[in-house]
Structure formats: structure tokens, C-alpha cells
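My entries follow in the order in which I made them.

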Amino acid sequence: MAFTDSEPVRLTIKDRSGDIRAIEIPGDAEYNLMEVLKTFNYKMRATCGGMGLCADCHCRITDGLDRLPEPAWQELETLDVIPDATPQSRLSCQLMPGEHLQGILLELLGTDHY
Amino acid sequence: MFSVPNSHQNDKEMENKVITDVCIIGAGPVGLFAVFEAGLLKMRCHLIDVLPQVGGQLSEIYPQKPIYDIPGFPAINAQELVENLKEQIAPFKPTFTLREKVEEVIKLETGEFLIRTSENSIVEARVIVIAGGLGCFEPRKPELKNLARFEGRGVNYFIRNTEIYRDKHVVIAGGGDSALDWTLFLSGIAERVTLVHRSESFRGAPDSAGKVFDLAGKGKIDLLLRTNVTGLVGEDYLEAVLLEHADGSVSGIKADFFIPLFGLTPRLGPIAEWGLNLHNAAIEVNTFDYATNVPGIFAIGDINTYPGKLKLILCGFHEAALMAQSAFHIVYPDKKRTFKYTTVYGVHGF
């Protein structure tokens, strides 16, 4: 993964079993957050590979949602059709690392390998 | 999976049985290309897929997305690749069973496999190639406590025979194109159609959304936005659904049918019960010929796993080519295989 020496971004992840863990990622990682989370061994099936189509990387941002860039049309369309989306829902494959992730609390939903 | 003698098959099964050399489970790009590689070695193929069309994820999830890593194509739309593959394998006259899920695989004492689908179609083959991608596409289900109890008793995920909805109260949930389209269609058949959608707008086809709003405005359907279905009520059959509205209030409406339309998502399904070695919901194979631990069953494409595995279509194509070399020795145990370039010998169909 192409990480550089930029300022690290610290965020907190709650996995599907309820475990909460703080992680630190480079702020300018060139991969989307779904791919970054996979490198931290969070399981993500990612059927569509990161196109914002399958919602396997569906997550809920329970702190810091207002700091994130607005979702694009494709992300909104996918969130619109899945049964368990909430107003705090995002697709982690559509979030690029950056300062906007600093301090967020992200709760994994979606689908792991199974 | 278990071995049984041929007498297992009854007369009805014999009548409907497809007999082929290779049964390919999954008609995505890799399954389709496997027909070509098998065909070059004079092996006939029958493909089974749970989806109504071939193409797998490419046709179901991202038909209009460009793919940039198919050799020789700087960019090709997913559906165009599927169409090209269909053209490429046409000389080998593959046959298909679509809209059916493989439920059971039985190894006969004769060495052949007997494959039974969800609709009781039977295929007998010398070789099975699992090219099932990430599994069978199944409907995404809302998390409702007693959903399973009402499946087939008022809860339907697919609309096949529209006449069963005539003069009934139908509740559809979802915000995508299919929810909009079926709301429009059933509004002319059902006694009452209610469309329940979690948000306050639709991002599906604007034309369909406009028609839905128009029908709601005229009072011909009920459109409940910013509303969720939270419960199902009934004795033997569904009688009502419970709703939670944006303001937190709860209500119930009469429902003979509840149709949640939240798209499809892949599940490994019955493959997990065929005695194959699995790792993280993928089938372990060797990289010599992508054989599984069960002789005669191969797994290629996204469904398999091995050290260094990359889930790329082009890797699946490679796996199909190597698989076919070994499958040949099972289909034609007494023949010697000679390697032939298509540039030298061309492509000779059946």
C-alpha cells in the first residue's frame, strides 16, 4: 500500500462483534478507507471491489459524520436500497483518507467474508 | 456429498436430465470462458446460474462500468465483455439452466456427478467446475424478527406470477428501480399497493419515480416516505405489517403480501455443504489445475483461494485454461491430449 509520511489520522473502529479499537492511518493513503481497514484485518467481502455498489463495506459514522465530504450520487443510490441504512450510514469504499477522518467513530456493518 | 448407485435416480429425473461432459456452476465471465477452453478440448458444457441472465456480477451489479485490465482491451464495459464472451463460446453450443440454484451434488458409483437444482433439474456430468464468484445471488433481507416464518406465506422476494397479487393488499419496501417498477406494475392489479421507503426521495429512474409520485398524488397508491417496516403480523399467513414513521409514531396496515426489494447480495449457500475444503468462504484449490480436494471438482475465479490469489477476471481466465487440461483426462481417460494453438488449428465448434 502506498503510504507516505503525512500527518497520521487517528480514528476509532467498532467491529461487528462490538470490539472498539483506535487505529492510526497516514492521512494521504492512496487507497479508500475500505481497503485501508482491510490492512488492519477488518473483514470486508467487498463484492464490487470499491465501486460503491454492493454495500459490503456499509458503516455507521457515530461521531464526526458532519466533517466528512458529502456522499456522491452512486453512494447515495446504494444506501437508498439497502434495508439497514440509517442517516449516519456511509460506504467506507467511498471515503478517502484525510484530515476529515480525524477522530471519527466508525461502526462496521456490511458483510464480512461470509 | 455422498456416493450412491445409479438406481438413486427415478424415472422423472431421467426424463429431464441433461447429460454433459462438464457442468459449470456459475455463468459469470470465468464460467463462460471455461466453455471456450473446454470446447477447444472437445468437452461439452452445461452452465447453471441462479440469476436470470448470464454474466454474473458484471451483468447484475455493474453492467455499465468500464473494466481496464482485460488484456487487449484498454477499456471495455462489463456487459460488452459478457456479450463478447457469449459470442466467443457460441461455436461450442453451451446449454444453460438459469434462475436455478444448485442444491445438491452427488457422486455416482460410475464416477459421474449428479447435480440437482432448486427446481429439481438434473445434470449428469463427468466434471464439475465451480465458477460461482462470491456465491449465489440472494435477496437482501430486512432484519425483521419473524421474517422467515412468513416467507412463502405472504413474504416474497421475487415477483414471478403477478396474478397472485390480484385484488390483494400489497406492501412493497425499498427505494431502488425494482421497488418503483413493481409498485407501478402492481398498482394495476392489486387492490391496494403501499410503497414504503426509508428516505424522502428516490434515486432510481426519474421517470419511474415521477409516475409513483403521480399515482400517490391521485390516491391510487399509498406512498409512505421516511418510514420503515418494523414488524410482521399474522397467524398462518401474513395479515399486516407494522410501520415506524419519521416522527417515531407506529402504525399498522393490512397486508396480504410484503415484498422487500433491497437488491441482491451473494451468499456461498449450499456449496459450503459439498465436502470441499473452505477458507474464508472460498474453496481451496491447488495451482496446478485448480482442482479442489474432491476429485473431479474444480473451482475457478473469485470462488477459489490459494496462496497469492488475486480476484481478477484475467486470473480466472488463466485458471479456466489450466483446469481444462486436467478435466480432459477425466472426460477422456483413454485419449492423449495434444496441445493446439488456436492460431494454428483455428476454433472448431460442435
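The axes of α2 (residues 29-40) and α4 (residues 78-89) of chain B come within 9 Å and cross at roughly 20 degrees. Axes here are lines fitted to C-alpha atoms, for helices over the stretch in contact, and angles run from 0 to 180 degrees between N-to-C directions. Angles under 35 degrees count as roughly parallel, over 145 as roughly antiparallel, 65 to 115 as roughly perpendicular and the rest as oblique; α2(B) and α4(B) are therefore roughly parallel to each other. I noted their crossing as left-handed, the term for a near helix turned anticlockwise from the far one by less than a right angle, with right-handed for clockwise. Helices (H or I, at least four residues) and strands (E, at least two) are DSSP runs, numbered from the N terminus.

Next I listed the residues that meet. From α2(B) they are P29(B), L32(B), F33(B), V35(B), F36(B) and G39(B), and from α4(B) L81(B), V82(B), L85(B), K86(B), Q88(B) and I89(B). By class I have nine nonpolar, two polar and one charged. Ala, Val, Leu, Ile, Met, Phe, Trp, Tyr, Cys and Pro count as nonpolar, Asp, Glu, Lys and Arg as charged, and the others, Gly among them, as polar. A contact means C-beta atoms, placed from the backbone, within 7 Å.

I then took α6 (residues 177-186) and α7 (residues 206-217) of chain B, whose axes come within 9 Å and cross at roughly 45 degrees. That angle makes α6(B) oblique to α7(B). Their crossing is left-handed. On α6(B) the contact uses D177(B), L180(B), D181(B), T183(B) and L184(B), and on α7(B) S208(B), A209(B), K211(B) and V212(B). I sorted these into four nonpolar, two polar and three charged residues.

I turned to chain A. An open sheet of five strands runs in the order β2-β1-β5-β3-β4, with mixed pairing. Two strands pair if DSSP finds at least two bridges between them. The edge strands of chain A, β2 (20-26) and β4 (89-91), each pair on one side only. On average, neighbouring strands of this sheet are turned by 40 degrees against each other, direction ignored.

How many bridges join β1(A) and β2(A)? I found seven, in the antiparallel sense, with I25(A) as the partner of V9(A). These two strands form a hairpin with five residues between them, and G18(A) in the turn has a positive phi of about 100 degrees. β1 (residues 8-14) of chain A also pairs with β5 (residues 105-108) of chain A, in the parallel sense over three bridges. There T12(A) has L105(A) as its bridge partner, and K14(A) stands opposite E107(A).

For the chain contact I recorded 18 residues from chain A and 21 from chain B. The chain A side has 11 nonpolar, three polar and four charged residues.

Last, I checked confidence. The predictor gives the complex an ipTM of 0.75 and a pTM of 0.80. Where pLDDT is low, the predicted coordinates should not be read in detail.

Conventions: residues are numbered from 1 along each chain as its sequence is written, and chains are lettered from A and ligands numbered from 1 in the order in which they are written. In this predicted model local features need pLDDT of at least 70 and side-chain atom pairs count only at pLDDT 80 or more, while totals for chains, interfaces and linings use all residues.

Methods:
Two residues are in contact if their C-beta atoms, placed from the backbone, lie within 7 Å.
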